[in-house]
Amino acid sequence: MSIDTARRPTTSSVRATASWLLWMNLYLAAWFWILAIVAVTVGLVVINQVGEVNNSVLAFARQGAVWFPFSVLIATTAAYLPVHIAAGLTRRSLALGSLVAATGTALAYGLVFTGLLLVERAVFDALGWQWRILEDLTPAETEPLTMLVGTTLLFVVAYVSGLLVGITYQRAGGWWGTVSLPLTAGPILLVFALFAQDAGPFSTSEWFGGDQPLLVASFAALLIAGAMAFAFDRLTRGASVPNRTA
Amino acid sequence: MSGFGVEVRDLTARYDTTVALDAVSFTIRPGVITGLLGRNGSGKTTALSVLAAFRRATSGTVLVDGEDPWENERVLSGTCLVRESGDVALDQKLKETLDFLGDRRPLFSRELADTLMDRFELDPLTKPNKLSRGKRSAFGVVVGLASRTPLTLLDEVHLGMDAPSRYAFYDALLTDWLEHPRTIVLSSHLIGEVERLLEDVVVLDRGTVLTASDAETLRSGGVTVTGPAEAVEAFVVGRQVVARQQLGRTAQATLVGARDDDASRARQHGLELGPVALQDLFVHLTDRPVPAIPEESR
């Protein structure tokens, strides 16, 4: 029996890559949110015992939900590249699959975060506590749709940034990877500001007459995410597989 | 013919200022087991990395099955490079890695993988970062053979494996290759062990090709002479001897450069002629003068 030299992978390598990376991130997301719920519950109980509950505690988890998957994606980008290429797959499928997985992960985190905020608000209302978000750089509106769109787009930018930081370190090394952080990770802070009500000239609440701040901020965030995704794709397609010592 | 053939023309690869490969050219025939031999730093791993599109060439042409392998979905799916430490997810169980490859490699044989896992006594529930170096190498062998790719590149995959495991690897490689012929390139320092597997040989040295031919032609460039020590010494006078062995009054010398009258002269002296070991030829071809140690530093 001879080898059939013309056979190609039976399933789409982009889909296979995206689903594999997405499931890995969703597994970590499940742990993140379980721990967040436990921490928020304990926090509320303690605050209620020693003082008055009048702020959302869960809202602070937004920072964790930005930076934890961001860090995971940096590590994943470095560790997964050799595994992917060694499995006979293209860099193109790695780039596209990673971007799809990052976007899917952002959507999952955004949905869970917004859903848990609604649950928390319902609990506060039931217990007669005042619910408000006391965090800098939060959107002016705390309506569910605004929170969902603003937070999800922030997560998309953060997670694509994680991919970009990872591949930049991989391609350019430690020195240039660090020097370029304002370009590769800086956009996260910019998008925080775009959706915030009080972030000076970066806040879109005053742009174009301030009529549609969510729409303007969303459009700007999508442009930023698109530019970062393009840079990630270009860098990934030229990446060499580093030597790994035993 | 089965398997991918490889054409390398004027391939140069640099790491910053270091030239790993300097305009090398060679051909790998499809369906043949080829040995890629060379000393440390000769450019073997770089050459294999370019063939598998792990890295780009600085200049030159590489054609795998007639096409540039870089970002070539068909060629990449049919090419498998296993490097000495393996390129698998270190925090995943071996079983999960086999599942992962089974979904991505079109010709992956789970049956063969499971058989080899048993043969090398690998626990499917262990993770690679918990394995000894030898066991990790054995898992690389499992991945490389079970992928059954038309071009399989095995780069020093035997490192750390004990002798029984290495011989089990050689047997498994040969058996599966006979059942599923494909192109296999085997890079190894243990030339004496693998030479029986090799049909073709490419020898690299300091980024250049020293020789590339079929193993028989290479072996015929030399001869071993065995017999009484005095007769052997008389036979080799004026000849280039690359290795000598002596046991009691019997000696064996390995000569480079066979002559037409060797057979008759050997009969005349009561000597036996035999094939030369690739290992001896390799040492001879890649031998470099050792710089003398200055007297004051001894």
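Author: Two residues are in contact if their C-beta atoms, placed from the backbone, lie within 7 Å. This is a predicted model.

Reader: Taking contacts in chain B between residues at least 6 apart in sequence, what share join residues at least 24 apart?

Author: In chain B, 70% of those contacts do.

Reader: How many helices and strands are there in chain B?

Author: Chain B has 11 helices and 13 strands. The C-alpha trace of chain B spans about 65 × 55 × 45 Å along its principal axes.

Reader: And what percentage of chain B is buried?

Author: Of the 298 residues in chain B, 43% are buried.

Reader: Now the open sheet of 4 strands. What is the strand order?

Author: In chain B the order is β11-β12-β10-β13, with antiparallel pairing.

Reader: Which strands stand at the edges?

Author: β11 (240-247) and β13 (272-274) of chain B do; each has a single partner strand, so one side of each is left without a neighbour in the sheet. From one strand to the next, the twist averages 20°.

Reader: How many bridges join β11(B) to β12(B)?

Author: There are 7, and β12(B), residues 250-256, runs antiparallel to β11(B). Leu247(B) has Thr250(B) in β12(B) as its bridge partner.

Reader: Which helices pack on the sheet?

Author: Helix α10 (residues 262-269) of chain B does, touching β10 (222-228) and β13 of chain B. Helix α11 (residues 278-285) of chain B also packs there, touching β10, β11 and β12 of chain B.

Reader: What angles do their directions make with the strands?

Author: The direction of α10(B) makes about 145° with that of β13(B). For α11(B), the angle with the direction of β11(B) is about 135°.

How values were computed:
Residues numbered from 1 in each chain as written. Chains lettered and ligands numbered in written order. Predicted model: local features only at pLDDT ≥ 70, side-chain atom pairs only at ≥ 80, totals over all residues. Pairing = 2+ DSSP bridges. Helix = DSSP H or I, 4+ residues; strand = E, 2+ residues; numbered from the N terminus. Axes fitted to C-alpha atoms, helices over the stretch in contact; angles between N-to-C directions. Buried ≥ 20, exposed ≤ 12 C-beta atoms within 10 Å, placed from the backbone.
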